[in-house]
Amino acid sequence: MALSGFITLYTQYRETTGSARRVLNYMAEAPAVADAEDAVDPGRLEGNISFQNVSFSHEGADRGLRDISFDVSAGQRVSIVGKPGSGKSILLDLLMRLQDPNTGSVKFDTKDARKLTIKGLRDQISMLHDKGIWLDNDTIRQNMTYGLNHEVTDEEIAEALNTVGASFILDDRRFPEGLNTRLARSDWRMPEGRRRHMELARALLANPSILLLDSPAAGLSDYEADRLHSSIRKSMKDRTVISVPQSVGDAESSDLILVMDNGVVVERGTHEELMALDGVYSRLTGKK
C-alpha cells in the first residue's frame, strides 16, 4: 500500500510539474502587441474609427484581411456580415488591439491605435460575444464589476440593471441576499438569456465609447434574442456599435453594413442600398 501511494504521489508530481512548466512557458511569451515607447493615453474617445488599407494574417495562415478601408462616425451602428471565415472576427481583434495590422493602420479619432496605450484604448471598448464572461460561484456584484477600471456603487449597478431590462436581479424574493448572492452558471435562476442581459449591464457600467458585438444573442430563443437586441439599442444610444450579427437579418437596421468575402470588403451601404445592388448581400439574405 505504501509503494502504491508513493507511485500515485509521484505520478501527480510529474503531472503538476508538467502543467506548471507549460504555464510558465506561456507567461514567458512576448505579447502579440505592446505599448510603443511614445504611446499616450487617448483620453475620452468620441468613437470615430478608420481602417486605412489594413491587411493582416496570422503567421503561416492563408486567410486574413486584405487592403481593408472604411470609416465609421461616432454614434453609428455598423454591421459586418459574410460567410464563416471571411475575416469578421479578425477585424474585431484589430479593433480591440489583440493584434496589430501587418500593413495599414487602424485609427480612433484620427489617432493611430499603435500610438495609444493599450489600457487607455481598451478601457473605452466593451465587447459582448456568444460565450460571455461569467465568474462561476461568485457574487452578482463581483460579476457586475469584473473588469471595470473604476469603483461603482450598488445604486449605479441597480440603475444599469434597470436600463437593460435586467431588474429581475433586484427581486429580493428570488435573490434574498441581493448583490451578495452567489450564482453558479448552472443556477436555475440565471438562464443564458438573463446572463447576457447582466453582461450588457456590465458593459454599460464601463461607460464605453465603442461597443463590439460578436453574435451576443447566439443560442438564445427568438424571443430572448429580440429582447436582448432591444436592450442593446436602448442602452447604447449615442455610442459607436460594431456588430457581427448572428444572422444577416439582424443587420437590416444598421447605419452601415460591410459585406466581407475572403478577407475583403466587397460591398458596403445600407440594407436598401445593398439589396438594390443584387449582389453578395442580397444572396446572403436569401431575399433576391
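1. A word on classes before we start: Ala, Val, Leu, Ile, Met, Phe, Trp, Tyr, Cys and Pro count as nonpolar, Asp, Glu, Lys and Arg as charged, and the others, Gly among them, as polar. By that scheme the lining of the largest pocket holds 10 nonpolar, 7 polar and 6 charged residues.

2. Please keep in mind that this is a predicted model, where local features need pLDDT of at least 70, side-chain atom pairs count only at pLDDT 80 or more, and totals for chains, interfaces and linings use all residues. Residues are numbered from 1 along each chain as its sequence is written, and side-chain values use heavy atoms, leaving out hydrogens and water.

3. S235 is buried, at 6% relative accessible area (buried means under 20%, exposed over 50%, partly exposed in between, with a 1.4 Å probe and protein chains only).

4. Which residues does S235 contact, leaving aside neighbours within four places in sequence? They are T163, V164, L200 and L204, where contact means heavy atoms within 4.5 Å. The S235 side chain also reaches the backbone oxygen of S231 at 2.7 Å.

5. Back to the linings: β6 (125-129) is one of the elements supplying at least two residues to that of the largest pocket, and β6 gives the largest share, 5 residues.

Methods
Polar contact = N/O pair within 3.5 Å; in protein donor to acceptor, adjacent residues only side chain to side chain. Helix = DSSP H or I, 4+ residues; strand = E, 2+ residues; numbered from the N terminus.
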